Amino acid sequence: MSIHRIVVAGTGSGVGKTTVAIGLMAAYKKLGYSVQGFKCGPDYIDPTYQTAVTGRKSRNLDSWMCSSLAVKEIFVRGYQGADVAIIEGVMGLFDGKDPLSDTGSAADIAMITNSPVLLVVDCGGMARSAAAIVKGFQTLSPGVHLCGVVANRVGSAGHYELIRKAVEKECGIPVIGYLAKDDRLRMPERHLGLVPSIERGELTPFFDLLSETIQKNFDLDRLYQIMGTETIESPHILFGIKKQESKVRMAVAFDEAFHFYYPENLELLEHYGAELTFFSPLKGEQVPLGVHGLYIGGGFPEEFAAELSAKNDVLLSVREAIQSGMPTVAECGGFMFLSESIESVDGKEYPMAGLIPGKVKMHRKLAALGYREVTGTEKNFLIGPNDRARGHEFHYSTFDPSQEYTSAYITTGRRGTKQEGILLNNLVAGYTHIHFSSAPELVQRWVEQCMGFKNRAFQGI
């Protein structure tokens with residue numbers, strides 16, 4: 001299938017690539033195109049922007065957590081029914097897992113998806129020097145095709161013309177448009193608490209302003225013409241087998257407090273025979289009756305700790321489900337929710353489900369960030385000692401255990417190897433977000449475990 005596609009990348013973090021990417025999505029949507037957004041890397045926040053602007057679920061493309069073939073399949077599946085695919089980069093164009101390779105970078109995603117790159121350059125305080133920057137990005141990796149440039153934070157239309165003439169003469173590619181220095185165009189500071197406001201539509205006026213500005217200052221017709229259009233065939237390595245009929249029901253916590261799930265994680269569960277039933281702990285909804293598995297994903301329960309703490313019936317239903325032996329996976333926010341309590345940054349403590357022996361304490365600074373190689377511990381139904389998966393951590397809290405416990409995972413990151421999470425009967429919980437596309441066999445194993453639970457329940461064991 002063929003689709004117009006582009007990677008919007010920056011020379012580094014903070015140069016305005018998210019502003020440009022979101023603005024382009026909003027502008028093309030306003031012009032009547034169906035737009036599919038993608039985000040390079042494991043980020044959960046920028047995809048929320050994209051989903052709000054495009055009306056289509058944004059997806060992550062990560063060439064470190066997932067193989068190149070899996071990335072290509074996620075990309076092709078994701079853009080079905082769209083006219084334009086806009087892929088937002090991560091950090092600088094060539095920044096990824098390894099400083100000596102393109103792995104995990106926006107450049108790698110551009111090569112895997114055969115997409116040209118629109119480079120965003122912060123042009124404040126420069127003119128002809130912008131051409132030198134662009135020239136360097138053109139020459140570093142021959143497999144990456146820069147098709148155009150955006151001049152961000154220019155002082156005036158006249159300043160933009162100086163930059164445009166220099167870049168187009170020296171680099172031979174068009175400067176598609178510009179954004180002026182304007183505080184109204186500054187993206188809100190990224191933090192987890194921002195997500196609910198995005199979903200409530202509170203940023204819609206900002207998105208509208210971005211769309212109007214980009215339609216005025218960008219040559220969108222020319223950009224559309226230079227986007228990649230070559231046909232990409234899906235390798236079908238994740239969803240290659242025929243979709244299995246539903247054989248178990250799985251409850252998935254999904255609301256403003258718990259909604260950090262990779263779409264493919266949920267889709268793989270459905271593909272391998274799980275019928276997903278969503279419920280909202282925040283709204284007081286208990287674990288649904290008649291389910292055989294439980295998935296409590298990431299999010300920010302700390303933002304809603306008071307409300308969650310008051311949902312006694314919900315907390316009881318979660319405890320009873322897990323204590324019954326229901327195969328359960330809890331990630332990050334879900335892990336925190338199952339602890340004894342969450343202590344806020346101002347010292348207030350809120351009781352939680354109390355299944356995991358220990359307390360969670362919030363901090364103002366990041367406690368962990370980065371990719372993780374993941375293997376399991378003995379008796380971990382999801383991932384065993386001989387299995388390998390990949391994921392990431394991103395959290396502002398730490399866990400203080402109140403007694404000895406069995407770890408769920410052994411994870412390896414830039415700072416070494418550590419034991420992580422907790423294993424408790426049929427509960428696998430921890431801070432690590434595992435991307436199931438890195439190891440689809442984990443999904444099959446989880447569904448099989450749920451099937452065993454279903455059979456035991458049927459037999460009254």
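Which residue does UniProt list for "active site" in this chain? The unreviewed entry gives Cys332. The model described here is a predicted one, and the annotation comes from the UniProt record.

Cys332 sits in the loop between strand E13 (328–331) and helix H13 (333–337). Its relative accessible area is 4%, and because buried means under 20%, Cys332 counts as buried. Leaving aside residues up to four places away in sequence, Cys332 touches Gly298, Phe394, His395, Gly430, Tyr431 and His433.

The UniProt record, again an unreviewed entry, also lists residues 250–439 for "domain: CobB/CobQ-like glutamine amidotransferase". Over residues 250–439 the chain is 16% helix and 41% strand. The end C-alpha atoms of that stretch are 19 Å apart.

Another loop, between strand E17 (368–376) and strand E18 (389–395), holds Lys379. Is Lys379 buried or exposed? Its relative accessibility is 78%, so Lys379 counts as exposed, the cut-off being over 50%. The C-alpha atoms of Lys379 and Asn425 are separated by 8.6 Å, although the two residues are 46 residues apart along the chain.

The buried residues of H6 are His159, Tyr160, Ile163, Ala166, Val167 and Cys171. Viewed down the axis of H6, these buried residues fall within an arc of 135 degrees, so they line one face of the helix. An α-helix has 3.6 residues a turn, so residues three or four places apart point the same way. On the face of H6 turned away from the buried side are the exposed residues Leu162, Lys165 and Lys169. After H6 comes Gly172, which has a positive phi, near 70 degrees.

What do the buried residues of H6 pack against? Their partners are helix H5 (129–140), strand E6 (146–154) and strand E7 (175–180). For the helix pair, the axes of H5 and H6 come within 8 Å and cross at roughly 35 degrees, and the crossing is right-handed. H5 contributes Ala130, Ala131, Val134, Lys135 and Gln138 to this contact, while H6 contributes Ile163, Ala166, Val167, Glu170 and Cys171. Of the H6 residues that meet H5, those listed as buried include Ile163, Ala166, Val167 and Cys171.

Methods. Residues numbered from 1 in each chain as written. Predicted model: local features only at pLDDT ≥ 70, side-chain atom pairs only at ≥ 80, totals over all residues. Heavy atoms only, no water. Buried < 20%, exposed > 50% of the residue type's maximum accessible area, 1.4 Å probe, protein only. Helix = DSSP H or I, 4+ residues; strand = E, 2+ residues; numbered from the N terminus. Arc of directions from axis to C-beta. Contact = heavy atoms within 4.5 Å. UniProt positions renumbered as here; feature names shortened; annotations may be inferred. Axes fitted to C-alpha atoms, helices over the stretch in contact; angles between N-to-C directions. Left-handed = near helix turned anticlockwise from the far one by under 90°.
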